[in-house]
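I opened the notebook to look up charged pairs and surface patches. My entries follow the order in which I checked them.

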Amino acid sequence: MRFFSAVILAFALVCCALGGKLVSVSDDELEARRYVEQVDEEILSRRNVGTEAEWAYESDINEDNLMVKNEVAAANAVFLKEVANTLKKYEYESFSDEDLKRKIRKLTKLGYSVLPEDTFAEMLDAINRMQENYAKVKVCDYRDNSKCDLALEPELTEIMATSRDPEELKYYWQQWYDAAGAPTRDDFQKYVDLNGVAARMNS
């Protein structure tokens, strides 16, 4: 008799702790939670590899680093699509675990990784050309037109942060736009257009 009384008491305490409601966790929710836990570590690892590849390319812009960066980005996009497609099979909005639902919502929104493989490659190419152009552009000194070796980093960034001369700032902005902005206008437009496509696919 004491045993049954203890069981009833424990049951009552659990009900009180849950606000008087019993929370039922479905098999699908348990399976989805295990899957998210399983892929979390790999996603983090892949993102670290992607960050390292980006850094290597930005630090030393050359064809080998570009190829590695693109290969890593493409492989990560394929992997994230697989994860998203797996999670979309679940009716996760009905899950009781709010944290799990938040994670799944985040994992099923892919950014521009959602684009088809060939379109994703177009996006990468546009970004790469803009990055390369920005990194290699040089402009002439405001006070010495014979000195034309000022790059975005560190010279122009420092000037823009410290100069209080509006004419100097205007000069460098125009020089930078003419040298870097105008040649990449088409790539920037493609980037904007494909981002719009990705946004619609993610909605």
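**Salt bridges and a surface patch**

I began with Arg102, which is partly exposed at a relative accessible area of 44%. I used these cut-offs: buried is under 20% relative accessible area, exposed is over 50%, and partly exposed lies in between, with a 1.4 Å probe and protein chains only.

I noted what kind of model this is: it is predicted, local features need pLDDT of at least 70, side-chain atom pairs count only at pLDDT 80 or more, and totals for chains, interfaces and linings use all residues. Residues are numbered from 1 along each chain as its sequence is written, and side-chain values use heavy atoms, with hydrogens and water left out.

**Entry: Arg102 and its partner**

I looked for the partner of Arg102 and found Asp99, in a salt bridge whose closest N and O atoms are 2.6 Å apart. The term needs a side-chain nitrogen of Lys or Arg within 4 Å of a carboxyl oxygen of Asp or Glu. Asp99 is partly exposed, at 38%. Both residues sit in helix H4 (residues 98-108), three residues apart, so about one helical turn separates them. Helices here are DSSP runs of H or I with at least four residues, numbered from the N terminus.

**Entry: Lys190 and Glu122**

I then checked Lys190, whose side chain meets that of Glu122 in a salt bridge (3.2 Å, N to O). Lys190 belongs to helix H8 (residues 185-202) and Glu122 to helix H5 (residues 117-136), so the pair ties together parts 68 residues apart in sequence. Lys190 is partly exposed at 31%. Glu122 is partly exposed too, at 35%.

I also noted a network: Glu29, Arg33 and Asp97 are joined by salt bridges that share partners.

How many salt bridges does a search of the whole structure find? I got 13. Is Lys69 buried or exposed? I found Lys69 buried, at 4%. Glu54 is partly exposed, at 31%.

**Entry: the nonpolar patch**

Last, I looked at the surface. Met160, Trp173 and Tyr177 form a nonpolar patch there, with about 310 Å² of accessible area together. Trp173 lies in helix H7 (residues 166-181). Patch residues have over 30% relative accessible area and no salt bridge; like charges are joined within 9 Å, and nonpolar side chains (Val, Leu, Ile, Met, Phe, Trp, Tyr) within 5 Å. Accessible areas come from the Shrake-Rupley method with a 1.4 Å probe, and for residues only the protein chains shown count as cover.

Terms used: Helices (H or I, at least four residues) and strands (E, at least two) are DSSP runs, numbered from the N terminus.
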